[in-house]
Amino acid sequence: MESKKTCDVCIVGGGVAGAALAGYLGGSSINVVVIEKNLTEQDRIVGELLQPGGVEMLERMGLQHLLDGFDAQPVTGYALFMNGENFQIAYPETNGKLNTGRGMRNGKFVQRLRDNMKLQQNVTVIEGSVTGLLEEEGRIKGVTYKTKGEDETLCLNAKLTVVSDGIFSVFRNQLSNPQKKVSGHFLGLVLKNCELPYPNHGHVIVAKPSPVLVYPITSTETRMLIDFPGEDAPRKGEELKNYLLNTIGNQLPSSIRNSFTEAVEGGKFKVMPNHIMAARPVMKEGGVLLGDSLNMRHPLTGGGMTVAFTDVYLLGKNLLEIADFSKSAEVSSAVAAFYKTRNSQTATINILADALYGVMRNEDLKEACFNYLKRGGSYSQEPVSILSAVSRDVKLLIRHFFAVAVYGVKNILSPFPNGKRLMRSYNMLKDSVSIIVPLLRNEGFTDVNRLRAKL
Ligand SMILES: Cc1cc2nc3c(=O)[nH]c(=O)nc-3n(C[C@H](O)[C@H](O)[C@H](O)COP(=O)(O)OP(=O)(O)OC[C@H]3O[C@@H](n4cnc5c(N)ncnc54)[C@H](O)[C@@H]3O)c2cc1C
């Protein structure tokens, strides 16, 4: 192997996080190399609803223009459906300004991010696969890679290697102690010319046995994601088709049923596993994790890209402040500061995603949650401010989470308590605690035993 090049920052993977970081570092004096294994546009069902908090992060990095020009759709709030009832919750305003998210084709958006990084004079983009991280005496010194279509393995030395190789990362083990768990799968369909009951809204259908998400991704296309709980992916075939048409189809709002049936009959399904993986980074000189290789949560709340852009912003800002990239201590402290501060900005997104998924899998809790949000005012506005990542206040999230459970208890016990109702209420409270406590622990809130004792 021959050492071909040296750079300040090598980014492994030019997807959502990697390409955004390259764009943010663009125009600086930092010499950046991005190695991406496939630069062609992908047809993916992931990362197609960007919450307003993610849009805000792009604005902070001067990258918000990348949301224009590819038919991305503004999203202004959420609509919830359950047992024939429905209601809408608008995203909150900040200082009189409406916060909006975007529905989009992920592949098109990633190409926008990539086109932008290719324009940057200080960024070199290589189409090729990283085959290993160069590690010497506990320090990451760069990568080995193969350019597309070539057999030769090359070396690239880097003062910092940013690993952003996504959901199936093969390098995260070298930079963290991950505990990855599959909580289910999403089956994705594209509905054509579908009339959404609430245009420009994310739709959550609180179906049985588990939720369905619907949102616009272009002016003529609507994404539907159907949850399949458990570790096994749904098997394509007639049985699946029947399940979709009969069990799921009957629970959908009537205005979308025809386009749903057409999409199912068309048979173009894509299936992806949904992971939960808390960030457990290990500080190693010369290396840092970003995006899904660092941290994953259930996609129910569409929070992944917002976490990724928050991390890109926090890490990128620290890197831009480094006066001399050859001083490894400066690079290490920029990385350490990123790992230390990120949690305060990403914890609510991570906790809410899997807490809400837990709620959706529990009959009593999901009914309580639906009815709680339906009350409107701060009962819906504050939780949606967390969902949209406009607010990142963990206390607010915990307060609403338990308020939902207490509200559910009140409803179960009325008009009068009896033994069976008391037992149901007790179980619901217990389930709430067992949903939220591990999620709080994942985010570093270790003093949760006191909370458990109180309840
Ligand atoms: C079913 C599903 C739905 C989702 N929906 C949403 C949503 O609506 N909203 C949202 O915000 N988030 C959503 N997410 C999460 C979101 O997609 C991710 O958080 C986000 O894409 C993470 O970005 P990333 O850069 O880490 O990974 P990616 O965008 O996947 O980028 C990783 C890149 O690394 C490249 N790569 C991999 N290995 C190598 C290698 N060895 N060498 C070179 N390159 C390599 C890949 O080709 C890829 O381009 C969803 C996730 C799932 C599973």
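Strand S5 (77-82), helix H8, helix H9 (363-374), helix H10 (378-387) and helix H11 (394-413) each contribute at least two residues to the lining of the largest cavity, where helices (H or I, at least four residues) and strands (E, at least two) are DSSP runs numbered from the N terminus. The model is predicted, and local features accordingly require pLDDT of at least 70 and side-chain atom pairs pLDDT 80 or more, whereas totals for chains, interfaces and linings use all residues. Residues are numbered from 1 along each chain as its sequence is written, and side-chain values use heavy atoms, with hydrogens and water left out.

Cavities and pockets were located on a 1 Å grid over the protein atoms alone, a cavity being a set of points where a 1.4 Å probe fits but cannot get out, and a pocket an open set with protein on both sides within 12 Å along at least five of seven lines; lining residues have an atom within 4 Å of a point. Grid points are joined across faces, edges and corners, and a volume is the space filled by probe spheres set on the points. By this rule, four cavities of 30 Å³ or more are found. The largest cavity has a volume of about 380 Å³, and of the 25 residues that line it, Leu352, Leu356, Cys369, Leu373 and Pro383 are the closest to its centre. Its lining comprises 22 nonpolar, three polar and no charged residues, with Ala, Val, Leu, Ile, Met, Phe, Trp, Tyr, Cys and Pro counted as nonpolar, Asp, Glu, Lys and Arg as charged, and the others, Gly among them, as polar.

The second largest cavity holds about 50 Å³ of space, and the residues that line it include Ile276, Arg297, Asp354, Leu439 and Asn442. Helices H8 and H12 are the elements that give two or more residues to this lining, and H8 gives the most, with three. By class, the lining of the second largest cavity has six nonpolar, three polar and three charged residues. At least three of its residues come from each of domain 1 (2-70 + 105-178 + 277-345) and domain 3 (362-454), the bounds being taken from an automatic or database domain assignment.

The second largest pocket, with a volume of about 420 Å³, is lined by 15 residues, of which Lys181, Ile276, Asp354, Leu439 and Asn442 lie nearest its centre. Strand S13 (181-192), helix H8 (328-360) and helix H12 (419-442) each supply at least two residues of this lining, and H12 gives the most, with five. The lining of this pocket divides into seven nonpolar, five polar and three charged residues, and at least three residues are drawn from each of domain 1 and domain 3.

Around the ligand there are 33 residues, of which Ala17, Glu36, Leu49, Asp292 and Met305 come nearest, a residue being near if one of its heavy atoms lies within 4 Å of the molecule. A nitrogen atom of the ligand is 2.7 Å from a polar backbone atom of Leu49, while an oxygen atom of the ligand is 2.7 Å from a polar backbone atom of Met305. The protein covers 92% of the 1,000 Å² of accessible area that the ligand has on its own, as computed by the Shrake-Rupley method with a 1.4 Å probe. The shell around the ligand divides into 14 nonpolar, 12 polar and seven charged residues, and at least three of its residues come from each of domain 1 and domain 2 (182-274).

Definitions and conventions:
Polar contact = N/O pair within 3.5 Å; in protein donor to acceptor, adjacent residues only side chain to side chain.
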